[in-house]
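Welcome, and thanks for opening the viewer. Let's take a short walk through this structure, one selection at a time.

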Amino acid sequence: MMDVKAKTRFLPISSQKLALVCDKVRGMGAEEALVVLNYMPHKGADFVRKTVASAMANAENNFELDRDDLYISAIWSGEGPRLKRYKAGARGRYKPRVRRLSHLWVTLSEREEE
């Protein structure tokens, strides 16, 4: 049994929003997950789809595994660094803005043949 991993770092979306998408596809077959992610309206769905596709390409090209036997065994997002920015506010003040970044990890495994 082989585990294949892919990670994407410094995505311009909060980890919390990315986690909502991750929860939907966890445990799904990799091919099925790509189809589901293609039609999801969330911003994070595109980031997750690209990372899952990358993990599938790693499995095929580096380990010669069959696409149809792969499923998402683990997928999670974590916080990246925060970019602190400022915007002009009323009466000559300024308002702080925090731009959150996140990291995404995907692990694909091969289904056991029975």
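**A contact between two serines**

Select S109 and S73 to begin: their side chains make a polar contact of 2.9 Å. A polar contact here is a pair of N or O atoms within 3.5 Å; within protein, one must be able to donate a hydrogen and the other to accept it, and residues adjacent in sequence count only if both atoms are side-chain atoms. Before moving on, note that this is a predicted model, in which local features need pLDDT of at least 70 and side-chain atom pairs count only at pLDDT 80 or more, while totals for chains, interfaces and linings use all residues. Residues are numbered from 1 along each chain as its sequence is written, and side-chain values use heavy atoms, with hydrogens and water left out.

Stay on S109, which sits in strand β3; strands (E, at least two residues) and helices (H or I, at least four) are DSSP runs, numbered from the N terminus. Is S109 buried or exposed? S109 is buried, because its relative accessible area is 3%, and buried means under 20%, exposed over 50% and partly exposed in between (1.4 Å probe, protein chains only).

**On past the strand**

Next, pick E113, in the segment after β3 (94-110). E113 has a relative accessible area of 64%, so this residue is exposed.

**Over to a helix**

Now select A33 in helix α2, residues 30-38. A33 counts as buried because its relative accessibility is 0%.

**Last stop**

Finish with K87, which you will find in strand β2 (residues 70-88).
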